[in-house]
Number of protein chains: 2
Amino acid sequence: MSNQPIGIFDSGVGGLTVMAAVRKALPNESIIYLGDTARVPYGTKSAETILRYTEECLAFLAGKNVKAIVIACNSASAHALPYLQHKFHLPLLGVIEAGVEAALRVSRNKKIGVIGTAATINSDVYAKELKRRDETAAVTGLACPLFVPLVEEGWLDHPVAFEIAQHYLKPLAGGGIDTLILGCTHYPLLKNVIQKVVGDDVDLIDSAESVAAALQKILTEKKMPAGGQKPFCQLTVTDQTPSFEKLARRFLGEEVPAVKRIVF
Amino acid sequence: MSNQPIGIFDSGVGGLTVMAAVRKALPNESIIYLGDTARVPYGTKSAETILRYTEECLAFLAGKNVKAIVIACNSASAHALPYLQHKFHLPLLGVIEAGVEAALRVSRNKKIGVIGTAATINSDVYAKELKRRDETAAVTGLACPLFVPLVEEGWLDHPVAFEIAQHYLKPLAGGGIDTLILGCTHYPLLKNVIQKVVGDDVDLIDSAESVAAALQKILTEKKMPAGGQKPFCQLTVTDQTPSFEKLARRFLGEEVPAVKRIVF
C-alpha cells in the first residue's frame with residue numbers, strides 16, 4: 001500500500017480527460033496533474049524539443065514524490081517515453097501502448113486507423129507498435145492539425161468541425177478500417193463529429209480509459225494502491241490564462257480543483 | 001551611419017512578413033530574425049508569460065549588438081513593449097503603433113475594426129491607442145483564434161477558411177467600419193478571404209509595411225542607416241520542425257536564408 005500521489009503529465013489541458021478516467025477507476029488515489037500550458041502545443045514541435053520539455057516536467061512530478069507517472073500527451077508519449085523510461089526510477093505509463101492494446105482487442109479485421117498531431121503521426125509510433133504486436137495489422141495514420149484548435153475554441157458540433165473532419169478523414173474512405181485510434185487527448189471531445197464522418201461501423205478508441213486500467217494493473221502488481229486516506233487532487237500549470245478554467249471544465253466534465261502555477 | 005544589424009523578433013514564423021517588408025524598404029540593412037518557435041503561439045498565453053518570454057528573446061537580440069529591434073508579434077507588442085521600452089537601451093518598435101497610425105490615416109469615418117489573437121484583443125491595446133490619438137474613434141475588437149492554425153495549415157483559400165471568417169467577422173456587419181486592422185502577423189495571408197467577407201469598401205491594414213516605414217524614419221533621425229556593406233540576413237529559431245521551411249517560404253515569399261537554432 002502506498003499513499004503517494006500519482007503524477008499525470010500533459011502538454012496542456014487535454015490530459016484532464018485522462019485524469020477524469022483515473023479518478024473514476026481509482027477513486028482512492030491522490031493525483032498531481034501538471035499541464036505545460038505555457039509551452040503547449042507539443043504536437044507541432046520537433047522530437048528534440050518535446051523530449052527536453054517532457055523531461056523537465058517529469059522531473060518536477062518526480063520531485064513531488066509520486067509513485068507513478070502517466071504521460072497523457074500522445075506527442076510526449078511518442079517522442080519522450082522510450083528515452084525517459086529508464087531515467088526515472090518509477091513506473092512511467094504512456095497513452096500509446098494503452099491505445100494500441102485496446103485497438104487490437106476491439107478490431108476484427110486488424111485494419112486500424114490512427115489520427116493525431118503532426119508530431120505523433122510523423123513519429124510513426126502507433127504503426128510500429130501495432131505491427132510489433134500483430135504483424136498482420138494494416139495501419140493508416142493521418143495528422144489532423146486543426147482538431148486541437150477547434151476543441152480549444154469549443155466548436156465541438158459546429159458545421160465547420162464536420163467539414164474539417166470530412167477533409168482530414170477522406171483518405172480512410174473505402175480502406176475498410178473497423179477501428180480508429182483517437183491519438184490525441186483533445187480528440188475525444190470531437191467524438192460525435194468523427195463518428196458521423198467515419199460511420200457507426202468504426203469503433204473509436206479513446207486511450208484515457210485504457211491507460212487508467214493499465215495504471216490500476218501496475219499498482220496492483222506492485223502492491224502500491226492507496227488506502228485509508230482522503231485523496232487529494234492538485235492541478236499544476238506553467239501558465240494560467242483567463243480561458244483556462246473554462247477549458248478545464250470542458251475536459252474534466254466536473255468542478256475544477258484549485259490551480260497552482262509554477263514557472264520553469 | 002551604422003552597419004549594426006536590425007533585430008526582428010516574433011513568437012514564430014509570422015514575423016517573416018515584417019522581415020520581408022523591412023528588406024524591401026531598407027535593402028542595405030542586415031537583419032537578425034528570432035522566432036520563438038519552441039514556445040509559439042503567444043496569443044493564447046497570459047500577459048505575464050508573454051512578457052517573460054519576450055524579455056528573454058529581446059535580451060538575445062540585444063546581445064547580438066543590434067541597433068534597433070522590431071517586435072513583429074502583436075501579442076508581444078501588446079503585453080511586453082510598454083514594460084521593456086526602458087529596459088533595453090536601443091529603439092524598440094512594435095507593430096501596434098504602426099498599425100494604429102496607418103488605420104487613422106486611411107479611415108474616413110473613424111469606425112475601425114481590429115482582429116487579432118485572444119491575448120491581443122483582451123489587452124484592448126489597439127482600442128486604447130486609437131482613442132488616445134483620436135477620441136472620436138469607434139473601435140470594434142474581435143479575437144479570431146482559428147485564423148493562426150488555418151494559416152499554418154495552409155488553408156488560405158479553402159471554403160472552411162471562408163466559413164470561419166464569416167463566423168468571426170459577423171459582429172462587424174452593419175457596424176459601418178471602413179477600416180480593419182489585421183492585428184496578427186498571420187492574418188495578411190488570409191487577406192483574400194477576409195476582404196471577401198467584409199466587402200471591398202473596407203480597407204485592410206497590414207502593419208508590416210507601416211512598421212518598416214517607422215523603422216526607416218527612426219534610423220534616418222538617429223543617423224543610423226547602414227551603408228557601404230553587403231547586408232546579411234540571419235534566421236534564428238528556438239525549435240526547428242520539418243514543416244518550418246515550408247511555412248517560412250509561405251510567409252517570406254522568397255528563398256529562405258540558412259536557419260540557426262538556439263536553445264533557451
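Visitor: Which residue of chain B comes closest to the rotation axis?
Guide: Keep in mind that this is a predicted model. Chain B can be laid on chain A by a turn of 180° and a shift of 0.0 Å along the axis, with an RMSD of 0.0 Å. The two copies are thus related as by a two-fold rotation axis. At 2.5 Å from that axis, taken at the C-alpha, the chain B residue that comes closest is B:Arg39.

Visitor: How much area do chain B and chain A bury between them?
Guide: Of the area that chain B buries against chain A, 18% is supplied by B:Arg52, B:Leu146 and B:Trp155, more than by any other three residues. Carbon and sulfur atoms carry 52% of the area buried between the two chains, and the total is about 2,400 Å².

Visitor: In what order do the 4 strands of the open sheet in chain A stand?
Guide: Strand β5 (residues 111-116) of chain A is joined to β6(A) by 6 bridges, and β5(A) is joined to β7(A) by 5 bridges. A further 4 bridges join β7(A) to β8(A). The pairing is parallel, and the order is β6-β5-β7-β8.

Visitor: Which strands of chain A stand at the edges of that sheet?
Guide: An edge strand here has a single partner strand, so one side of it is left without a neighbour in the sheet. That describes two strands of chain A, β6 (138-143) and β8 (203-206).

Visitor: Which residue in β6(A) is the bridge partner of A:Gly116?
Guide: The strands β5(A) and β6(A) run parallel. Elsewhere in the sheet, A:Gly113 stands opposite A:Leu180 in β7(A), and A:Ile181 stands opposite A:Ile205 in β8(A). For A:Gly116, the bridge partner in β6(A) is A:Ala143.

Visitor: How many of the residues of β7(A) are buried?
Guide: Take the two faces in turn. On one side A:Thr179, A:Ile181 and A:Gly183 are buried, and on the other A:Leu180 and A:Leu182 are buried. Helix α10 (residues 191-198) of chain A lies across β5, β7 and β8 of that chain. The number of buried residues in β7(A) is 5 of 5.

Visitor: Is A:Val148 buried or exposed?
Guide: A:Val148 lies in helix α8 (residues 147-153) of chain A. Leaving aside neighbours within four places in sequence, A:Val148 is in contact with A:Cys184, A:His186 and A:Tyr187. Its relative accessible area is 18%, and the cut-off is under 20%, so A:Val148 counts as buried.

Visitor: Which residues have the most contacts inside the largest nonpolar core?
Guide: That core has 122 residues. The residues with the most contacts inside the core are A:Phe147 and B:Phe147.

Terms used:
Residues are numbered from 1 along each chain as its sequence is written. Chains are lettered from A and ligands numbered from 1 in the order in which they are written. This is a predicted model: local features need pLDDT of at least 70, side-chain atom pairs count only at pLDDT 80 or more; totals for chains, interfaces and linings use all residues. Side-chain values use heavy atoms; hydrogens and water are left out. A nonpolar core is a set of buried Ala, Val, Leu, Ile, Met, Phe, Trp, Tyr and Cys residues joined through side-chain atoms within 4.5 Å. Buried means under 20% relative accessible area, exposed over 50%, partly exposed in between (1.4 Å probe, protein chains only). Contact means heavy atoms within 4.5 Å. Two strands pair if DSSP finds at least two bridges between them. Axes are lines fitted to C-alpha atoms, for helices over the stretch in contact, and angles run from 0 to 180 degrees between N-to-C directions. Copies are superposed by least squares on the C-alpha atoms of residues with pLDDT of at least 70 in both. Buried area is the accessible area (1.4 Å probe) that two parts lose on being put together, summed over both.
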